[in-house]
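Have the viewer open and follow along.

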Amino acid sequence: MNILIVDDDIVDREMILRILKRSKILCNITEVETVDAALEILNKTIFDIILLDYNLPQRNGIDLLLELKVMPNHKDLAVIMMSTSKADDLALNSINAGAQDFLVKTEINVFRLQRAILSAQARSCLENELIQSHQRTKELAEHDSLTGLSNRYFFDNHLNREIQCHKESNNKIALLLIDLDHFKYVNDNYGHDVGDQLLIEVAKRIKGVLRKNELLARLGGDEFSVTLTNLHDIADANRIGERINEALLAPFEINNKSFISAASIGISVYPNDSANAKELFKYADIAMYRSKHNGRNQVSFFDMKMKEAFLESFVIENTLRTAIDNQDFYLHYQPVIDSNTGKLSGVEALIRYDIDNIRQNPDSFIPVAEKSRLIIEIGQWVILQATKQLSLWNAHYSPQLTMAINLSSAQLNDEQLIAHIKYCLNLFNVPASQIEFELTETALIVEQENSNKIIQGISDLGCKISLDDFGTGFSSISHLHRFPIDIVKIDKSLMPSASTEYNIKKLLTGLVAMIQSLDLKIIAEGVETKDDLDFCTQLNVDKIQGYYYDKPLTINELEEKYLLRKESFKSKL
Ligand code: C2E
Ligand code: CA
Ligand code: CA
């Protein structure tokens with residue numbers, strides 16, 4: 001064992017030497033008189049134990065302990081402080097400064113010194129283990145185990161710390177949020193192992209375009225972030241965003257297969273957009289969605305317009321919450337007319353709610369309800385209300401009407417949806433075949449885990465599935481094949497009265513022929529004029545919905561006009 005004695009008093013040193021020689025400890029002993037001399041020798045030699053005098057000339061024992069803390073290569077070194085004084089605070093100071101033990105010189109004997117040396121070594125060992133395990137835990141808590149990058153927890157702390165530091169300077173921080181396009185497709189179709197490999201490769205490529213002072217983190221799933229600090233020019237953030245996109249452009253080779261994984265990037269800037277970490281994050285997220293919306297593989301900065309839109313939807317979201325609590329929603333029902341008989345064949349339930357007697361537009365509040373997922377609760381209410389109304393009409397007028405109910409894509413992620421539909425059908429004793437659920441093409445193909453299962457589940461219950469707004473999106477024949485579709489609703493923009501395009505009638509004719517060839521029923525929406533109606537009847541469209549017959553009606557209006565009088569609209573044909 002290598003022991004260093006640091007003591008300026010020759011008599012004390014001799015005493016310690018004598019005691020050490022009488023002990024069972026086998027040791028090489030080096031003696032020095034000052035802190036500086038000790039430091040000099042510690043730079044060259046590794047020791048196991050230092051027996052350190054508290055009172056030394058120039059700098060004392062505590063000074064040496066403090067120096068040792070920042071010296072490398074001495075992590076297994078144990079220090080025993082010695083003093084002639086018995087004062088408790090000396091012992092405490094020494095332990096706090098890093099000594100493993102404290103001995104009063106007049107009390108030192110063979111037994112005490114031997115025990116102190118062995119227990120100081122054991123303590124030093126334990127302390128090291130504790131430090132290492134703390135570091136390992138910290139590492140685990142702050143890092144993503146898959147990519148080795150910092151994780152969300154570290155990113156949050158880092159961003160908050162940087163904002164504090166930048167308060168003094170004029171420099172900016174840019175926050176880039178990076179979301180991979182179509183990652184879910186890879187995961188679902190090639191398995192999680194391939195997905196994981198892709199994430200690792202993506203992380204490497206992004207890292208490759210960054211300098212050292214930029215923090216790259218994986219926030220979870222396929223979402224990464226880069227925090228750029230001490231930014232002088234915002235254009236630098238854009239350049240890095242573009243570089244990341246470029247780096248991801250080349251295909252990734254995984255398990256001998258080639259994958260494309262571009263990204264959508266959103267950027268927010270401190271202090272321009274906000275001085276608050278949470279807000280900066282939200283704003284970068286909004287900008288990232290703008291990139292996705294604009295066609296992916298894009299970089300977008302958060303801007304004032306997005307902020308206004310964000311605040312507006314924030315206000316709408318809050319009023320929707322209140323509307324849910326106060327049960328302010330109600331339904332109107334738009335007649336759907338059978339083109340052969342000219343009679344009412346069903347209705348579409350359309351949601352309504354007013355603020356200060358002013359009707360709110362569903363095209364404005366439904367998208368907010370979808371984004372905030374409030375649509376799940378609202379949608380469940382619509383299903384309950386519409387089936388209840390249908391059961392009342394069944395009981396009073398037995399007209400066998402169909403009830404069309406709109407479903408949002410977010411509802412196709414609601415695991416309770418099918419159970420809820422079943423519950424409503426049972427509760428009100430309504431046959432499933434009388435209910436039609438309307439979905440848009442975009443809702444069908446949105447990247448969600450359970451949507452296919454849920455659509456099939458609804459169909460298996462015996463309810464019908466309508467494809468809404470057909471002709472506005474993909475108008476894809478493969479969607480009509482792939483999903484259990486019963487009815488197609490042709491969008492109002494394809495009605496002759498709605499379009500100035502000279503060949504709109506040809507387009508409509510072609511679409512109708514295509515749908516009819518698949519034996520699907522067709523409803524024409526937005527039929528506003530006699531010309532629209534005549535053209536649709538000519539094409540043998542099954543059902544007609546639109547202002548030509550009626551706008552969406554209240555329950556009383558609908559009963560008054562259609563159910564009590566049982567009026568035929570054939571005359572209008
Ligand atoms: P949508 O499903 O396409 O519903 C048809 C919309 O067209 C209704 O607008 C209806 O009032 C309107 N409309 C009907 N006939 C005509 C016509 O001849 N000409 C014109 N120009 N428009 C006509 P509304 O009620 O404002 O609803 C707008 C959209 O809001 C709906 O479009 C639907 O996507 C959504 N929505 C409404 N109620 C619900 C609901 O309960 N749940 C969900 N998820 N979405 C709903
Ligand atoms: Ca609809
Ligand atoms: Ca529609």
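## Two calcium ions side by side

The calcium ions listed as ligand 2 and ligand 3 sit 3.9 Å apart, and D468 coordinates both of them. Take ligand 2 to begin with: its protein donors are E348 (OE), N406 (OD1), E438 (OE) and D468 (OD), at 2.1 to 2.3 Å. Donors here are N, O and S atoms within 2.8 Å of the metal, or 3.2 Å for Na, K and Ca; water is not among the atoms, so sites may look incomplete. Along the chain, the donors of ligand 2 are spaced as E-x57-N-x31-E-x29-D. This site links distant parts of the chain, with E348 in strand β14 and D468 in strand β19, 120 residues apart. E348 is buried at 3% relative accessible area, and D468 counts as buried too, at 8%. Buried means under 20% relative accessible area, exposed over 50%, and partly exposed in between (1.4 Å probe, protein chains only).

Now for ligand 3. D468 lies in strand β19 (residues 464-470), while E525 is in the loop between β21 (521-524) and α19 (530-538), 57 residues away. Like D468, E525 is buried.

## A word on the model

This is a predicted model, where local features need pLDDT of at least 70 and side-chain atom pairs count only at pLDDT 80 or more, while totals for chains, interfaces and linings use all residues. Residues are numbered from 1 along each chain as its sequence is written, chains are lettered from A and ligands numbered from 1 in the order in which they are written, and side-chain values use heavy atoms, with hydrogens and water left out. Helices (H or I, at least four residues) and strands (E, at least two) are DSSP runs, numbered from the N terminus.

What does E441 touch, leaving out residues up to four places away in sequence? The list includes D468, along with L467, F470 and H479; contact means heavy atoms within 4.5 Å. E441 itself belongs to helix α15 (residues 441-445).

E441 is buried yet has no salt bridge, and R482, the nearest side chain of opposite charge, is 9.3 Å away. A salt bridge is a side-chain nitrogen of Lys or Arg within 4 Å of a carboxyl oxygen of Asp or Glu; for charge, Lys and Arg count as positive and Asp and Glu as negative, with His and the chain ends not counted. The side chain of E441 does reach the backbone nitrogen of S476, at 2.9 Å, and one of its polar atoms lies 3.3 Å from the backbone nitrogen of F474.

## The two sides of α12

In helix α12 (residues 362-371), F365, I366, V368 and A369 are buried. They are on the same side of α12 because they cover an arc of only 165 degrees around the axis, judged by the directions from the helix axis to the C-beta atoms. These buried residues pack against α11 (304-326), β14 (344-352) and α13 (375-397). On the face turned away from them are the exposed residues D363 and K371.

Most residues other than glycine have a negative phi, and most peptide bonds are trans. Q327 has a positive phi near 50 degrees and is exposed, at 65% relative accessible area. S475 also has a positive phi, about 50 degrees, and is partly exposed at 23%. Finally, a cis peptide bond joins Y270 and P271, with omega about 0 degrees.

How values were computed:
Polar contact = N/O pair within 3.5 Å; in protein donor to acceptor, adjacent residues only side chain to side chain.
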